[in-house]
Amino acid sequence: MYAEGRLTGTIHTCIGQEACAVGVVTPLLDDDIIVSNHRCHGHYLARYMDIKGLVAEIMGLDSGICGGIGGSQHLYRENFYSNGIQGGMVPAALGMVLAESKKRKDSISVAFIGDGTLGQGIVYESMNIASLWSVPILFVIENNLYAQSTPISLNLAGSIADRPKSFGIEARSCGNDLEDIYATAASMTEYVRNERKPACMIINTYRLAAHSKGDDTRDFDELKHWKGNDPMLAVRTSLGPLADDLEIECRHFVDREIEGIDGSQGNHGRNSG
Amino acid sequence: MLGEDILDPYGGAFKVTKGMSSRWPERVLTTPISEAAFTGIAAGMALRGARPVIEIMFGDFITLAFDQIANHITKFSMMYNGGVECPVVIRAPMGGGRGYGPTHSQSLEKHFIGIPGLNVAPISRFHDLDSFYSHFILKESRPTLIIENKKMYGQEYIGTVTEHRIFNVDLKGGPIPSVLLTPVSTGKADVCLISYSGGGDIAIDAAEELLMEHEIHTSVLILGSLSPLPLTVLEEAITDVSQVVVVEEGSRVSGIGAEIAAALMEQCFHKLRAPIQRITSGDGIIPCAADKEARFLPGPKSVIDQVLRMPGVS
Ligand SMILES: Cc1ncc(C[n+]2csc(CCOP(=O)(O)OP(=O)(O)O)c2C)c(N)n1
């Protein structure tokens, strides 16, 4: 679609990280707040299943959820906010839930960041205050081993889990598997909700597509290895014979959502899964 | 050289550093996503005699380094009564037109021109790359913010020429010259468009159309420095013209145009025949959608319309 000129700007897909989005968002309640980052499509879809609004937004259409003004990485709807400045939304997630807590006693907020964003000081300033003030926030770190072109070995010293722990924040890790992520998220959100304390969940994941439009300098064998760990494959296997039917149904659903979205021909037959 | 994702084979988000880390592996440091920290690290290096250059991946992210620039890098020399120098060079790609949206398309240089002790230098396609960069990296004693317009990365480099399209090209002032384009046909102009970096292209397109379609002789001054402003060059460029328009991609209020207008009024009020006009982006944020972005950012048409609206022209 870039080649056809129907998309401009940039895009960060969540291909390979779908389970992070679905697993974390599923146990949330409607009133919970989500702040997200540049890689926000999965988080948004897991929350609202609004393919039409998202695709229209990415295409810069008036019918997009932010009228085409925000575009791929600046999304807003109800309790969902994303921004393209790394780490910048984390303190806002604290502030939002502090404000909401005055209105209702059980809401929490969730802040998604990537491993690379652990380079930003504001993340630690926020963790410190979250612990100090007992802010009910779940920090979700999607560790996909890369920040843009930079491998984690050139970006990060020490352990990820020790960071929140050093602020007295409960931390747990899980793998790139939907069941595992969901189970971890369910128990950690319950902890945050009931204890009114921050927690941090680290998901060891991997992105299977390029960082943004097409810039991928990663090792081919490594990529191949992780393709074998695609969480979608595991979901398929667990669904057994239902998987094919479900996939067809999903593709039809997506096709219906985006049919004629920009007034041009529909997208039938395109790979939209 | 410090910055994010600047190592080969990637070579930086806009490929500006491509090849450098292969050639000088110990001198090219890729950093975590820590703009404040690596800007401060460069400050420390510069204080101890090194000549660091940092790349802010998108100029928008320079806000994260603002404290290091405003309260540290530009303070040291004067605060320590001239005892030290801190010649950090900060490269920042600014500007829109590529659909990157509100947080990846801005022109934030106006927030830096008022910081005492900081050079703000916009590179254009007409500047000699080598002498431009080597001046700030090797010769300057003050810190410098270099503005690179993102669109330029995909454009043809022109360099120092004596003619371009329908214009004579002259370099004015120094050490980093500004570039003055005057219509070849007359050698003088009735309207002067003042701009810098990527805005220069807008001004040149407008000036060409103003001459070809409306017979309005228009010159273009592409500034080599926004801070300090080259006042003598500016005065010379506006001498004998009846209209002056400043063209910039950033937002209007407290912008580069406002500063140039104020400076020219102080410098040579008697030479101005009409109020200086400003062409800027709209009042708001830069949309992602291509059509909305194009309407929001200034283009040749907005310049031409402004010139045609002016009394006494055409
Ligand atoms: C403050 C800031 N600096 C730099 C960038 C450019 N940038 C966008 S995404 C990215 C990498 C982010 O890595 P990570 O947090 O690990 O998330 P991932 O892309 O791996 O999902 C960078 C450097 C940015 N958006 N914001």
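**Backbone, cysteine and domain features of the predicted model**

Glu78(A) is found in the loop between strand S2 (76-77) and strand S3 (80-82) of chain A, where helices (H or I, at least four residues) and strands (E, at least two) are DSSP runs numbered from the N terminus. The structure is a predicted model, in which local features need pLDDT of at least 70 and side-chain atom pairs count only at pLDDT 80 or more, whereas totals for chains, interfaces and linings use all residues. Residues are numbered from 1 along each chain as its sequence is written, chains are lettered from A and ligands numbered from 1 in the order in which they are written, and side-chain values use heavy atoms, with hydrogens and water left out.

Although Glu78(A) is not a glycine, its phi is positive, at about 45°, and the residue is partly exposed, with a relative accessible area of 44% (buried means under 20%, exposed over 50% and partly exposed in between, with a 1.4 Å probe and protein chains only). A positive phi, near 50°, is also found for Ser134(A), a residue other than glycine, which lies in the loop between helix H5 (121-132) and strand S5 (137-143) of chain A and is partly exposed at 36% relative accessible area.

In chain B, the peptide bond from Asp8(B) to Pro9(B) is cis, with omega near 5°, and Pro9(B) lies in the loop between strand S1 (2-3) and helix H1 (20-23). A cis peptide bond likewise joins Gly174(B) and Pro175(B), with omega about 5°; Pro175(B) is placed in the loop between strand S8 (167-172) and strand S9 (178-183) of chain B.

A search of the whole structure finds zero disulfides over all chains, a disulfide being a pair of cysteine sulfur atoms within 2.5 Å. Cys250(A) is in no disulfide, and the nearest cysteine sulfur, that of Cys14(A), is 14 Å away; Cys250(A) is partly exposed, with a relative accessible area of 42%. Cys288(B) is also in no disulfide, the nearest cysteine sulfur being that of Cys66(A) at 9.9 Å, and Cys288(B) is buried, with a relative accessible area of 10%.

The domain assignment of chain B gives domain 1 (2-152) and domain 2 (163-309), with bounds that come from an automatic or database domain assignment. The contact between them (heavy atoms within 4.5 Å) takes 34 residues from domain 1 of chain B and 35 residues from domain 2 of chain B, and the C-alpha centres of these two domains lie 25 Å apart.
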